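The paragraphs below take them in turn.

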Amino acid sequence: MTKLYLFVRRYLAVMMVFGAASAFAQQSVSGKVTSSDDGSGIPGVNILEKGTANGTVSDADGNFTISVGANATLIFSFVGYSSQEVAVGSQTTMNVTMQSDVTALSEVVVVGYGSQDKKELTSSVVTVSTKDFNKGNINDPSQLLQGKVAGLSIYNRGGDPNSASIIRLRGLSTVGSNSQPLIVVDGILGASLDNVDPNDIESTTVLKDGSAAAIYGSRGSSGVILVTTKSGSNKAGAVAIDFNTYVASSSVYNRQPVMSASQYVAAGGNNLGSNTDWQKLVTRDGSSRVTNLGISGGNSNTTFRISANFRNIDGILKNSGFDQINSRARLTHKAFDNKLKIDIGTSFTNRNTDVSFNEALRYAVLYNPTAPVTFTNGEYYQAILFDNFNPVAIIDQNISQRKRKNLNFSANVSYDIFKDLTVSVNYGQQYEVGNSYEYYSRNSLFRGYNRGGLARRSTYEASFTLIEGYATYSKSFDRLNMDITGGYSYQEDQYDNMFVELGNFPSDLLGYNALETAGDRISGNPNLTNISSDKSPKNKIIAFFGRVNLSYDNAIFFNASVRREGSTKLGKNNQIGYFPAAGIAADLNKYLQLPKVDLLKLRVGWGITGSLPTQSGISQELYAYNFTGGGSVSIARAANPDLKWEQKTEIDLGVDFGFTGRLVASLDVYSRDIKDFILLNDKLDVTKFPSNQRYENIGSLQTRGIELKVDYSNIKIGQVSWSPGIVLSSYKTTLESYLPGVLAQSRAPLGAPGQSGVNQIRLAVGEEIGQIWGPVFDGANTDGTVRFKDLNGDGQVKVTDQTFLDKTADYQKLGSGIPTMEIGWTNRLTYKNWDLNAFFRGAFGHSLSNNFRAFYEPIDKGAINSYNRISTSKAVPGLTEAKFSSLYVEKADFLKLDNLSIGYNVKLSPTSAVKNIRFYAAGQNLFVITSYTGIDPEPVLADQGAADNGGFLPDPDPLAPGIDRRNAYFTSRTFTFGVSIGL
């Protein structure tokens with residue numbers, strides 16, 4: 001729609017130029033139109049000589065040339081910006097900065113299966129465009145949005161380049177299914193962000209509430225993020241080349257505070273004669289190099305854009321990082337008087353990853369600082385102790401790598417059958433192939449020595465197909481505008497994978513490439529070999545959907561939709577679900593006409609969305625094979641033909657406000673109720689279900705929240721223009737019901753050594769999610785043991801019940817793993833050709849259980865010979881016993897300068913072949929204000945679990961937030977320097 005709009009305006013402007021006649025002498029004026037937000041050129045600006053039909057439009061980079069008469073005045077206008085009149089006088093060069101109109105009442109917003117004017121939205125929808133994205137060394141597309149959308153939590157603690165961000169929209173939306181929002185790229189739902197380079201993204205739209213997301217049915221329960229990639233220009237004969245390259249350097253920002261070698265010896269540690277900084281030895285300054293090249297062009301009928309992106313990223317942990325090549329192409333063609341529109345896109349990503357071992361960071365903290373790295377003969381020093389490995393040897397002796405390839409293809413074809421009726425077809429294919437490779441040396445005590453060398457290899461393939469067809473009928477009746485959409489959606493996905501783990505190799509020479517030489521395979525002992533494989537059926541979703549949008553008097557708006565959807569993943573008796581939604585909004589200022597008020601819109605939305613299990617076949621019986629006794633087959637899990645969708649019902653009340661064309665604000669209050677989680681119930685009657693377990697719809701959550709977004713445009717301070725913006729969000733989630741007969745449950749055990757049975761999280765019906773639970777520290781006894789507080793005053797301290805069910809036990813809530821408030825504060829400033837963006841982000845009200853302190857802060861005269869000690873200001877003198885308590889649960893409030901970027905746009909001649917040159921620099925994670933003594937105060941939304949003595953991590957637990965484990969990646973500070981050139 002935007003491209004057509006620009007084309008029509010350009011066409012009319014050209015006609016005006018050729019049709020204009022003037023009796024006065026002409027003078028030529030050239031210049032560039034830029035945005036006050038970021039200094040970038042604005043394409044398609046309508047430039048008209050006042051009082052005449054003479055006009056033109058700016059090109060793709062904002063440049064223009066026009067011939068005008070004497071004493072002329074030019075009028076500059078463009079959607080989303082305030083119109084501006086400028087007297088020409090004797091000027092031949094004129095550069096104009098247009099001020100953005102933040103109310104942008106005519107702004108078109110992408111929504112599910114179509115678009116709407118922003119003013120007509122009845123639900124909570126937020127769009128973030130290129131100028132608002134986070135800057136710097138951004139390698140994960142989700143990081144572009146971090147802190148920019150109220151209610152959207154995005155965290156990648158420590159900044160590990162090989163780990164994906166955890167994304168939550170308005171808190172936890174499911175327990176047993178996918179809690180990440182649905183991603184829709186250029187209209188193709190279910191697409192992967194892994195195959196989108198951040199540099200190719202034009203804008204993102206977040207559908208936050210149920211009334212907006214319900215059109216996507218079972219895929220929309222955790223919210224929806226719509227991604228629009230960049231497209232070509234429709235200026236006839238024009239080809240634009242955009243080149244961007246930068247280098248970045250990352251260094252360790254914060255390390256775990258530990259004893260030095262001299263402090264360790266003075267405290268009674270075993271002196272081995274060396275002075276080794278283990279944390280320094282396993283980390284490095286990581287360098288990154290990124291290059292993006294885009295070529296776009298076209299004419300009034302056909303536009304194209306192709307791009308290539310190269311990323312070479314090094315993490316601050318040695319041997320961590322990745323090399324990635326991504327390419328994308330998009331072609332749009334119009335025919336038959338623009339009735340037919342074809343939009344085709346394809347992308348390919350090849351990524352090779354060095355995973356390295358986060359465990360090296362863990363053991364670098366606790367390893368003896370007087371131990372040498374190697375003996376004099378070059379062999380690595382290794383103490384034979386439980387959960388104690390030479391961190392340098394972990395990295396040097398072992399290999400962990402991954403490879404992944406993604407290929408996407410999408411096509412959208414739409415045709416205007418009549419003036420008011422358009423039919424559209426979407427087709428999409430997505431393929432992903434991945435491999436992982438691990439090898440642990442025969443000489444590596446970390447996972448390899450006890451197995452005579454250990455190799456682990458896995459491979460997987462996944463495919464996704466989408467076919468959709470829908471029609472939209474639009475009609476206007478006097479003051480009533482109506483849009484009706486109806487359609488069909490077919491989705492199919494399938495995956496298969498294989499995993500092999502073998503040990504006892506004759507040599508390390510070929511590593512994981514010589515599985516056939518493994519002694520485990522030759523022995524044929526099933527207890528040594530670990531081989532698994534599985535393949536899903538073709539999981540299908542078939543849906544019919546419909547929606548109606550009504551607009552009356554350009555002030556009262558109504559939206560209603562319903563989606564009927566069926567899935568083969570569910571029980572045969574409950575495969576069909578219905579997901580309705582409705583919303584209404586009214587611009588009260590249309591009738592109140594309040595002075596200087598641009599918009600005063602009240603809206604309310606209601607919607608039901610669903611959620612599907614991530615696994616296949618869980619409604620069916622599962623059989624297990626036992627190798628012993630000649631082999632036998634038994635039922636491991638019963639079938640459940642009544643298994644159905646998880647369901648979320650959400651109500652959102654919102655107010656949108658605009659004032660003087662510069663202030664815009666949105667306030668949302670919402671309530672969401674989620675029920676029928678798909679969980680494994682292992683407490684069944686064995687007389688009816690011999691396996692004692694099956695998947696059932698169990699449990700419910702309730703979330704209440706509030707969100708605020710305020711933007712103010714163009715505060716003038718001399719020649720400086722400042723546009724600040726702030727987002728605030730807060731929510732609380734309560735467990736309403738859970739497994740049958742379970743009123744409370746303990747989770748998140750600390751692990752070894754010595755605290756494997758000590759849990760940190762209480763999950764209880766009627767109480768909030770994320771309670772860190774335990775005894776209250778009351779000091780150290782004279783013998784160095786822990787003294788806990790008698791909370792109930794019964795004269796005895798009872799802290800032995802780790803189920804957290806005993807009401808007489810002396811436990812209480814020690815903190816919450818969920819923040820009570822999250823904040824993002826944006827500041828955009830421009831001065832002549834300079835632009836600066838400072839973004840602050842914070843979270844408040846959450847706590848973290850500092851597991852490093854809980855294990856290694858007390859100075860135990862025996863344990864100190866095995867492990868170094870954490871040294872913080874919170875350490876208690878004389879305490880020698882390591883037992884979990886309130887002492888190790890810390891407030892983790894923080895405010896950080898998350899992103900600071902500065903750029904300079906080189907002033908160029910309008911006739912120059914180079915359209916723009918911009919030099920820029922950026923810094924990320926520049927400073928953090930916090931009292932937390934660990935390395936990173938950011939919230940932990942899902943517990944990664946304990947992995948001790950070289951073990952492997954379990955799946956994350958979303959019901960146990962707030963646990964700062966010992967395998968956390970160190971935080972980094974990054975500086976970026978780059979240049980962008982447009983031709």
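Which residues does asparagine 406 touch, not counting residues up to four places away in sequence? They are Asp194, Asn195, Ser347, Phe348, Thr349, Tyr431 and Glu432, where contact means heavy atoms within 4.5 Å. This is a predicted model, in which local features need pLDDT of at least 70 and side-chain atom pairs count only at pLDDT 80 or more, while totals for chains, interfaces and linings use all residues. Residues are numbered from 1 along each chain as its sequence is written, and side-chain values use heavy atoms, with hydrogens and water left out.

Asparagine 406 belongs to strand 22 (residues 399-416). Strands (E, at least two residues) and helices (H or I, at least four) are DSSP runs, numbered from the N terminus. With a relative accessible area of 1%, asparagine 406 is buried, a term for under 20% relative accessible area (1.4 Å probe, protein chains only). Its side chain makes polar contacts with the side chains of arginine 404, at 2.3 Å, and glutamate 432, at 3.1 Å. A polar contact is a pair of N or O atoms within 3.5 Å; within protein, one must be able to donate a hydrogen and the other to accept it, and residues adjacent in sequence count only if both atoms are side-chain atoms.

Helix 5 (residues 359-366) is largely enclosed by the rest of the structure, because eight of its eight residues are buried. These buried residues pack against helix 4 (278-281), helix 6 (391-397) and helix 9 (851-856).

Glycine 487, in strand 25 (residues 480-503), is buried at 15% relative accessibility. Its C-alpha atom is 5.8 Å from that of phenylalanine 544, 57 residues apart along the chain.

How values were computed. Buried means under 20% relative accessible area, exposed over 50%, partly exposed in between (1.4 Å probe, protein chains only).
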